[in-house]
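User: Hi! I'd like a close look at one part of this model, and then a walk through whatever connects to the loops around it.

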Amino acid sequence: MVGAAGIRARRAVRLVFAVKRGWYRLRYRRLTLGRDVEIRGRIRLRRGVRVSIGDRTRLNKLVRFAGPGEVRIGADCLLNATWIGTWTSVTVGDRCLLSDCELLDNDFHNLAPEQRHAPPSPATRAPIVIEENVWIGAHALVMKGVRVGRDSVVGAAAVVRTDVPPRVVVVGNPQQTVKKFHD
């Protein structure tokens, strides 16, 4: 009996996720969802952003995407209350964990005082690349033009302004490498 009830429960859960995927595909025509994506919370797309989410990726709480750019999320990832703002592109590799963090590939405005109220120039933006199996902790901020290397960890509340090498842990503001994973 328990086995049959468990099978029915798993089927019901898969059906709920399939219905949510269908609803979000209808709501956002610029959203592409891979096979077996689990939307456990909500997704919000704004300002024309194009988003592609890989197979078996899980999205918890409210995951937000904004800007005129493109976001590509790999397979088997977990996004938990993540916000991605893009004017160019943000790429997240397979098996990444993004926990209540922000990825911003732009400054949203020009730095020079006389240019601040003008539309952002190309110098205010640069793509972000998060390689495979990266963990980004809660309240971390990854800024424009950054590449986070494979198997690295970005600690909670870190501000990442420069590239992170593979297989390290970075923390703080500004970021500092505090651990290296040895092969």
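In which loop does P174 lie?

Analyst: Happy to take you through it; please keep in mind that this is a predicted model. P174 sits in the loop between β19 (168–171) and β20 (176–180).

A157, in the loop between β17 (153–154) and β18 (159–160), has phi near 65 degrees, a positive value in a residue other than glycine. A157 is partly exposed, its relative accessible area being 46%. N133 also has a positive phi, near 60 degrees, and is not a glycine. You will find N133 in the loop between β13 and β14 (135–136), partly exposed with a relative accessible area of 32%.

N133 leads on to D94, whose contacts beyond four places in sequence are G74, A75, C77, E132 and N133. D94 belongs to the loop between β10 (89–92) and β11 (97–99), and its side chain reaches the backbone nitrogen of A75 at 2.8 Å. D94 is partly exposed, at 31% relative accessible area.

Both β10 and β13 belong to an open sheet of six strands, ordered β1-β4-β7-β10-β13-β16 with parallel pairing. β1 (31–33) and β16 (147–148) each have a single partner strand, so one side of each is left without a neighbour in the sheet.

Key:
Residues numbered from 1 in each chain as written. Predicted model: local features only at pLDDT ≥ 70, side-chain atom pairs only at ≥ 80, totals over all residues. Heavy atoms only, no water. Pairing = 2+ DSSP bridges. Helix = DSSP H or I, 4+ residues; strand = E, 2+ residues; numbered from the N terminus. Buried < 20%, exposed > 50% of the residue type's maximum accessible area, 1.4 Å probe, protein only. Contact = heavy atoms within 4.5 Å. Polar contact = N/O pair within 3.5 Å; in protein donor to acceptor, adjacent residues only side chain to side chain.
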